[in-house]
Every structure is written in C-alpha cells, then in structure tokens.
Amino acid sequence: MKASPAGDLKVFISHRDSRCNECGEDLGHRAWITLVDEGRALCLSCADLDHLVFLPAGDTALTRRARKHSGLSAVVLKWSRARKRYERQGLLVEDGALEQAEQECSADAATREARRARAAERHAELDDAYIVRFAARVRELYPHCPRGRDKQIAEHACRKYSGRVGRSAAAKALDETAVRLAVLAHIRHTETVYDALLVRGWARQEARAYVNDRVSIVLRQWAEGTLEKCLVR
Ligand SMILES: [Zn+2]
C-alpha cells in the first residue's frame, strides 16, 4: 500500500504548459494539476478531484468549517516567482460542505452577500438546458437511482464539459458510455469509502480496486432495481 506523507492532498496551479499523464489532454498554461509518483502530472478529472469546488483563501472561519465538513479536500498552491516558494491560494472542497459552512458563517450581512456572490458565480458556469438533458439521460439509464442524484451528476458533468471542451464533446457526453462513467464516478465518491481511502493516502488505483465490487453492485441496483446481495463488503 503506497501511502503519501500524512497531510493534505495538494493541487498545483502550474506555471508552464502541461499535459495530463493519464488522459493525455493538453492542459495549457496555468493548469490545475496534481502530481503523483515521480512528478507525473494528472488533470483534476483523472485525479478524481474535479467534483470539488474552489474556495479562495481569505475567510478563515469559512475555510476552517468547509474543510471540517468536506470528506475530501485539497489545498491549492501556486508558485510565486518573486518569493520562490509555493503559496496557498485556497481550498478545493465538496459543494455540500461549502454550502453548509456558508450557512454557519452567514450570521452577518457582509458574509451573506459574499455567499450570494459565490453561489451566483458557481451557477454561472452551468448551462441549465444541458443539465436537464443530462439528468434525464441518467434517469432513463438508471431509473432506480435515488431522487436528486440525477441532477447532481448532471451538474458535475456540465461543470466538467462546459468551457474546457467544445459543444461536440458535450453532445457526445450524453452517449451511454459517458453517462455510465459519470454515474460510476458519482457512486465511487458517494456510496463507497473511496474518498476516505484517498484521504488516508491510498494510491488511486488501489483505492479504486478496493471499492470496485461495491461500485458495480450499486450501479446495477440503480439500473435494474435489484436487491443488494449479501456479498457486499
Ligand atoms: Zn487527465
């Protein structure tokens, strides 16, 4: 079992052109990447961190609470040429954790205003029509998935495909394989101990292998409504 040194997962804002070592995508300049063994760079999709949202540094109480509520989180670092060291830009956290932290912090008007602005910004990235179509497709292929998950999966897919890749890619994302991959990733994060294993420093491939059976069972349940078998770990 390969454990990383204890501490936070780290995401780096690269200061030169980079390419993902796993999917091969050209990430351009100033890409957000993670580094794995021997300095290989991974895009956030391949690193399974692309469902997290960015909370810029600055609000200490909000940051502390968001991290506390988030099962998986990552520190975002950027190289400062002037100071010749990595500087902390903020935190990647789960959407729900940020919302919960925002609610807890929203006692005063200024905080409420900042929260509204951030929520509006997050929503601006999303294409409502696309979300509706994607969610419908999830529901069609996985009629037994819990209520609300179709929309959650669709919003994530929309964040992922908007901007970064073109419209044709977004259309392709509605095909059965792409929808299946999106649902698989969602199950891995929400219905298994996968994120907890990453937090404990497990290597991604080992963590994936560990939760694989459980993921398959849940996927089948969502597709067919079959009862869970007793072989669930
Ligand atoms: Zn990649």
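Modeller: Happy to! Arg 137 and Glu 140 form a salt bridge through their side chains, at 3.2 Å from N to O. Keep in mind that this is a predicted model.

Colleague: Thanks! Where do Arg 137 and Glu 140 sit relative to each other?

Modeller: Both are in helix α4 (residues 128–141), 3 residues apart, so about one helical turn separates them. Arg 137 is partly exposed at 21% relative accessibility, while Glu 140 is exposed at 55%.

Colleague: Nice. How many salt bridges are there?

Modeller: The count is 11. One of them pairs Arg 208 with Asp 48, at 2.8 Å from N to O. Arg 208 belongs to helix α9 (residues 204–224) and Asp 48 to the loop between β5 and β6, so this pair ties together parts 160 residues apart in sequence.

Colleague: Is Asp 48 buried or exposed?

Modeller: Asp 48 is buried, at 4% relative accessibility. Arg 208 is partly exposed, at 23%.

Colleague: Switching to the metal: which residues hold the zinc ion?

Modeller: The protein donors are the SG atoms of Cys 20, Cys 23, Cys 43 and Cys 46, lying 2.3 Å from the zinc ion. The site is tetrahedral, with angles of 106 to 114° among its 4 donor atoms.

Colleague: And what is the spacing of those donor residues in sequence?

Modeller: It reads C-x2-C-x19-C-x2-C. Cys 23 lies in the loop between β2 (18–19) and β3 (26–28), and Cys 46 in the loop between β5 (40–43) and β6 (53–56), so the pair ties together parts 23 residues apart in sequence. Cys 46 is buried at 12% relative accessible area, whereas Cys 23 is partly exposed at 44%.

How values were computed:
Residues are numbered from 1 along each chain as its sequence is written. This is a predicted model: local features need pLDDT of at least 70, side-chain atom pairs count only at pLDDT 80 or more; totals for chains, interfaces and linings use all residues. Side-chain values use heavy atoms; hydrogens and water are left out. Donors are N, O and S atoms within 2.8 Å of the metal (3.2 Å for Na, K and Ca); water is not among the atoms, so sites may look incomplete. Four donors count as tetrahedral if all angles lie between 85 and 135 degrees; four count as square planar and six as octahedral if opposite donors are over 155 degrees apart and all others between 65 and 115; anything else is irregular. Helices (H or I, at least four residues) and strands (E, at least two) are DSSP runs, numbered from the N terminus. Buried means under 20% relative accessible area, exposed over 50%, partly exposed in between (1.4 Å probe, protein chains only). A salt bridge is a side-chain nitrogen of Lys or Arg within 4 Å of a carboxyl oxygen of Asp or Glu.
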